[in-house]
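Here is a short briefing to read alongside the model on your screen.

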Amino acid sequence: MQKKKLKLLGPFICLLTAIIWGSGFPFQDIVGADASNIDGFSFNGLRFLIAGVTLIPVILIFEREKATPKEEKKPKLKRTLIFGAISGAILAVSSSLQQFGIQLTGESGRAGFITGLYLIIVPIAAFIIFKQKPSLFVWIAIPFSLLGLYFLSVKDGFSVEGGDVLIFLCAFGFASQIIFVDKVGAGVSTLKFSCMQFFASGVICMTLGLIFGNLKWVGITGNIFPILYCGVMSAGAAYTLQNIGQKFTAPAVASLLFATEGLFATVFECIVEGALPSGRAVLGCVLMLTAVLLSQIPKRQKAISKAS
């Protein structure tokens with residue numbers, strides 16, 4: 001009964017994940033504007049370590065070990081830790097590309113939409129890796145997404161900002177993470193997996209920050225609220241909800257809901273920073289949203305028919 005309820009709640013969990021992710025973009029933008037005092041590696045390292053620490057009491061309360069034989073516990077725990085570390089490494093690369101991209105562009109709403117291109121990347125990657133042929137709608141969606149990217153990213157003189165390229169690359173990383181979580185999620189302990197993911201990502205990012213970064217104490221104290229919010233909410237809460245939601249939601253439906261983070265990123269950017277998107281940016285957002293919706297139509301219908 002509880003599993004059935006979670007299956008019904010799955011899509012709402014995925015939508016809540018997207019809302020929290022979107023709400024974090026303006027705060028990433030604020031930190032990005034202070035790049036001379038806190039670099040992208042250090043920021044991600046701090047927020048993921050905070051996320052990992054936040055999950056420890058949650059694990060102790062909600063994921064106590066049941067009275068099962070040790071020979072059954074050990075393989076699952078080992079799987080959870082290994083897969084969590086791998087997912088954390090993917091997350092470290094993806095989030096760092098995204099954060100540096102936001103630092104260079106200074107526009108979190110646009111970053112949210114470009115990141116949403118993983119909806120196009122996922123079915124194409126599935127075809128290359130798992131030989132699952134993309135539908136006609138995917139091929140129709142690609143020109144829409146490219147045209148949307150053009151309106152969002154290309155400035156006068158047909159130049160694309162370097163930050164847009166980094167954010168585009170991060171979309172490949174997040175696509176990989178979604179596919180990986182979908183493949184391994186059923187055989188791991190969700191909270192322990194998330195916790196290991198955060199600590200692995202945090203250690204990798206902090207190590208890179210110590211080597212290549214320029215973290216200063218004033219960068220931490222001056223951005224304490226964005227760091228805490230992105231650590232507890234957009235990392236700790238949202239990625240854990242992602243792992244839970246994907247267990248009880250068809251991958252196509254889940255990825256469609258995750259893509260709405262771009263919409264929420266733009267909304268929260270307007271609320272937090274008082275920024276208004278240009279007409280060109282709005283057109284680009286509409287085209288990209290059309291693309292991601294087109295890419296999911298057949299799979300979404302299939303998922304709905306399965307559910308009924």
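Let's start inside: the largest cavity of this predicted model has a volume of about 150 Å³. The structure holds two cavities of 30 Å³ or more. Around them is a protein chain with 13 helices and zero strands, and 50% of its 308 residues count as buried.

**The largest cavity**
- The lining of the largest cavity is made up of 14 residues.
- Which residues lie nearest the centre of the largest cavity? They are Trp21, Gln98, Phe174, Tyr239 and Glu261.
- Helix 1 (2–32), helix 7 (162–184) and helix 10 (224–247) are the elements that each give two or more residues to this lining.
- Sorted by class, the lining has six nonpolar and six polar residues, together with two charged ones.

**Helix 10**
- Helix 10 has 24 residues, and from its first C-alpha to its last it reaches 33 Å. That is close to the 34 Å expected at 1.5 Å a residue.
- If you follow helix 10 along, you will find a bend of about 35° at Cys230.
- Gln246 is a residue of helix 10. Is Gln246 buried or exposed? Gln246 has a relative accessible area of 8%, under the 20% cut-off, and therefore counts as buried.
- The side chain of Gln246 has a polar partner: a contact of 2.8 Å links it to the side chain of Gln242.

**Ser23 in helix 1**
- Ser23 sits in helix 1. Its relative accessible area is 5%, so Ser23 is buried.
- The side chain of Ser23 makes a polar contact of 2.6 Å with the side chain of Tyr229.

**Helix 2**
- Helix 2 covers residues 40–62, which makes 23 residues. It reaches 32 Å from first C-alpha to last, close to the 33 Å expected at 1.5 Å a residue.
- What caps the N-terminal end of helix 2? Asp39 does, with a side-chain oxygen 3.1 Å from the backbone nitrogen of Phe41.
- Further along, helix 2 bends by about 25° at Ile56. A proline, Pro57, follows within four residues of that bend.

**Residues apart in sequence**
- Ile204 belongs to helix 8 (residues 190–212).
- Leu166 is placed in helix 7. With a relative accessibility of 23%, Leu166 also counts as partly exposed.
- How many residues separate Leu166 and Ala111 in sequence? They are 55 residues apart, and in space the C-alpha to C-alpha distance is 9.8 Å.

How values were computed. Residues are numbered from 1 along each chain as its sequence is written. This is a predicted model: local features need pLDDT of at least 70, side-chain atom pairs count only at pLDDT 80 or more; totals for chains, interfaces and linings use all residues. Side-chain values use heavy atoms; hydrogens and water are left out. The expected span of a helix is 1.5 Å times one less than its number of residues. The bend at a residue is the angle between axes fitted to the seven residues ending there and the seven starting there. A polar contact is a pair of N or O atoms within 3.5 Å; within protein, one must be able to donate a hydrogen and the other to accept it, and residues adjacent in sequence count only if both atoms are side-chain atoms. On a 1 Å grid over the protein atoms alone, a cavity is a set of points where a 1.4 Å probe fits but cannot get out, and a pocket is an open set with protein on both sides within 12 Å along at least five of seven lines; lining residues have an atom within 4 Å of a point. Grid points are joined across faces, edges and corners, and a volume is the space filled by probe spheres set on the points. Ala, Val, Leu, Ile, Met, Phe, Trp, Tyr, Cys and Pro count as nonpolar, Asp, Glu, Lys and Arg as charged, and the others, Gly among them, as polar. Buried means under 20% relative accessible area, exposed over 50%, partly exposed in between (1.4 Å probe, protein chains only).
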